[in-house]
There are 2 protein chains.
Amino acid sequence: MSTSGNCHKVRLLLEQLGTRYDWVEVNSAQGQTRTPEFLALNPNGKVPLVQRSDGRVLAESNAILFWLAEGTPFLPADGWQRAQALSWMFFEQYSHEPYIAVARFISIWTPADSRRRDELPGLRERGHAALAVMERHLQSAPWFTGPDYGVADIALFAYTAVAEDGGIGLAPYPAIQRWLQAVQAQPGFLPILAA
Amino acid sequence: MSTSGNCHKVRLLLEQLGTRYDWVEVNSAQGQTRTPEFLALNPNGKVPLVQRSDGRVLAESNAILFWLAEGTPFLPADGWQRAQALSWMFFEQYSHEPYIAVARFISIWTPADSRRRDELPGLRERGHAALAVMERHLQSAPWFTGPDYGVADIALFAYTAVAEDGGIGLAPYPAIQRWLQAVQAQPGFLPILAA
């Protein structure tokens, strides 16, 4: 689903690795992740999903990033640094995406009178809390993956870059703004499609 | 925090690895993860947190499991199997813990008249959806980590074993019940403290 940050993560790394792939558009907002065919591939009914040429599948955006990046400069070889990158990727899925991505989803894809809009103030407050944690890290480190750009930066970039879609402004976070620009300046960078 | 499933994961693996460690009790329900001293160690204000003897810290339970297990039988050496284990660990933090652990938290630690109890029906519904995904996997595979017991089993065991604390019964899931017993039969197994 091209407008999904979780899916965009995978596309961005594939492009930066120069890997050949076919992109199959699956729109969760139109129920395409709940068909019997899709649930046979991923019983959890979520995109992105990678399917290898032999049919084997791998779900969960950040697990896909980790698998694709093994042995490449996008994942540190050092065990402690890998663990720190994973720590940021779990932070992204637990403390960041459920607020920043969900605020964006509700803002863009629900009707103006949706009851779900009642959730927005709380989501924005917790989204800002996540951004404050990122800002603090970036005040003393250039990247989230280790000494260089890599998978944790890709994971956190996805929804941070479009946080304003959900009414979460980035003006209070100068270090995040610098980091977003540094990610965008990486070779092979590809922006997410406008929603 | 001994009653936290996320913390118990780390203790269980440390015990099974035979690693020496000191356990420092930090009770988030009493605000101990929000003190200036704790926030200096983990700006995200969450337990568990590992601090090495040289002072370096690592946050996020599943990143800690991955780091501790590298090079041991608790994490597969094969890249694809590692990615599948990670996929289950991200599933745990995104699709399982936010419902099953939060239903338990509200049921045990909030007053009987708490407004948060309004969340319980929705949390239980999504908790059952996660358990159904696990049940389906366990109908054709003995473990979540790969061919053997390991980190993804530890991650998923933590809150599945105490799901009934949050009113999420395990009777509909015979394969999960068998798997829970198989985890409990592992050498060095240690149950979570009663809340």
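**Salt bridges**

Author: The side chains of A:Glu119 and A:Arg116 meet in a salt bridge, with 3.0 Å from N to O. Please note that the model is predicted.

Reader: How is the exposure of A:Glu119 to be classed?

Author: A residue is called buried under 20% relative accessible area, exposed over 50%, and partly exposed in between. A:Glu119 is partly exposed because its relative accessible area is 34%. A:Arg116, at 35%, also counts as partly exposed.

Reader: With which residue does B:Lys9 form a salt bridge?

Author: B:Lys9 is paired with B:Glu92, and their closest N and O atoms are 2.9 Å apart. This pair links distant parts of the chain, for B:Lys9 belongs to helix 1 of chain B and B:Glu92 to helix 4 (residues 79-109) of chain B, 83 residues apart. B:Lys9 counts as buried because its relative accessibility is 0%. B:Glu92 is likewise buried, at 0%.

Reader: Are B:Asp118 and B:Arg115 buried or exposed?

Author: Both B:Asp118 and B:Arg115 are exposed. They too form a salt bridge, in which the closest N and O atoms lie 3.4 Å apart.

Reader: Which residues are linked in a network of salt bridges?

Author: A:Glu70, A:Arg82, B:Glu70 and B:Arg82 are linked in such a network. Over all chains, the count of salt bridges comes to 14.

**Nonpolar side chains**

Reader: Where do nonpolar side chains tend to be found in soluble globular proteins?

Author: In soluble globular proteins, nonpolar side chains tend to be buried together. In this model the largest nonpolar core has 115 residues, of which A:Leu86, A:Trp179, B:Leu86 and B:Trp179 touch the most other members. Leaving out residues up to four places away in sequence, the contacts of B:Trp179 include B:Met134, B:Leu138, B:Pro142, B:Trp143 and B:Phe144. Also among them are B:Asp153, B:Leu156, B:Phe157 and B:Thr160.

Reader: Which residues form a nonpolar patch on the surface?

Author: A:Phe105, A:Ile108 and A:Trp109 form one, with about 240 Å² of accessible area together. A:Phe105 is part of helix 4 (residues 79-109) of chain A. A:Phe105 counts as partly exposed because its relative accessibility is 35%.

Reader: Why do residues three or four places apart in an α-helix point the same way?

Author: An α-helix has 3.6 residues a turn, so residues at that spacing point the same way.

Reader: How many residues of helix 3 of chain B are buried?

Author: In helix 3 (residues 61-69) of chain B, 8 of the 9 residues are buried, so the helix is largely enclosed by the rest of the structure. Among the buried residues are B:Ser61, B:Ile64, B:Phe66 and B:Leu68. Just after this helix, B:Gly71 takes a positive phi of about 80 degrees.

Reader: Where does B:Ser2 lie?

Author: B:Ser2 lies in the segment before helix 1 (5-17) of chain B. B:Ser2 is buried because its relative accessible area is 10%. Apart from neighbours within four places in sequence, B:Ser2 is in contact with B:Arg11, B:Trp23, B:Glu25, B:Ile192 and B:Leu193. B:Thr3 also lies before helix 1 of chain B, and B:Thr3 is buried at 16% relative accessible area. With residues up to four places away not counted, B:Thr3 touches several others, including B:Arg104, B:Trp109 and B:Ala195.

**Backbone angles**

Reader: What is the form of the peptide bond from A:Val47 to A:Pro48?

Author: That bond, from A:Val47 to A:Pro48, is cis, with omega near 5 degrees. A:Pro48 sits in the loop between helix 2 (36-41) and strand 1 (49-51) of chain A. In chain B, the bond from B:Val47 to B:Pro48 is cis, with omega near 5 degrees.

Reader: What value does phi of A:Glu60 take?

Author: Phi of A:Glu60 is near 80 degrees, a positive value in a residue other than glycine. A:Glu60 is placed in the loop between strand 2 (57-59) and helix 3 (61-69) of chain A, and A:Glu60 is buried at 11% relative accessible area. B:Glu60 has a positive phi near 80 degrees, and B:Glu60 counts as buried at 12% relative accessibility.

Technical notes. Residues are numbered from 1 along each chain as its sequence is written. Chains are lettered from A and ligands numbered from 1 in the order in which they are written. This is a predicted model: local features need pLDDT of at least 70, side-chain atom pairs count only at pLDDT 80 or more; totals for chains, interfaces and linings use all residues. Side-chain values use heavy atoms; hydrogens and water are left out. Patches are made of residues with over 30% relative accessible area and no salt bridge: like charges are joined within 9 Å, nonpolar side chains (Val, Leu, Ile, Met, Phe, Trp, Tyr) within 5 Å. Accessible areas come from the Shrake-Rupley method with a 1.4 Å probe; for residues, only the protein chains shown count as cover. A salt bridge is a side-chain nitrogen of Lys or Arg within 4 Å of a carboxyl oxygen of Asp or Glu. Helices (H or I, at least four residues) and strands (E, at least two) are DSSP runs, numbered from the N terminus. Buried means under 20% relative accessible area, exposed over 50%, partly exposed in between (1.4 Å probe, protein chains only). A nonpolar core is a set of buried Ala, Val, Leu, Ile, Met, Phe, Trp, Tyr and Cys residues joined through side-chain atoms within 4.5 Å. Contact means heavy atoms within 4.5 Å.
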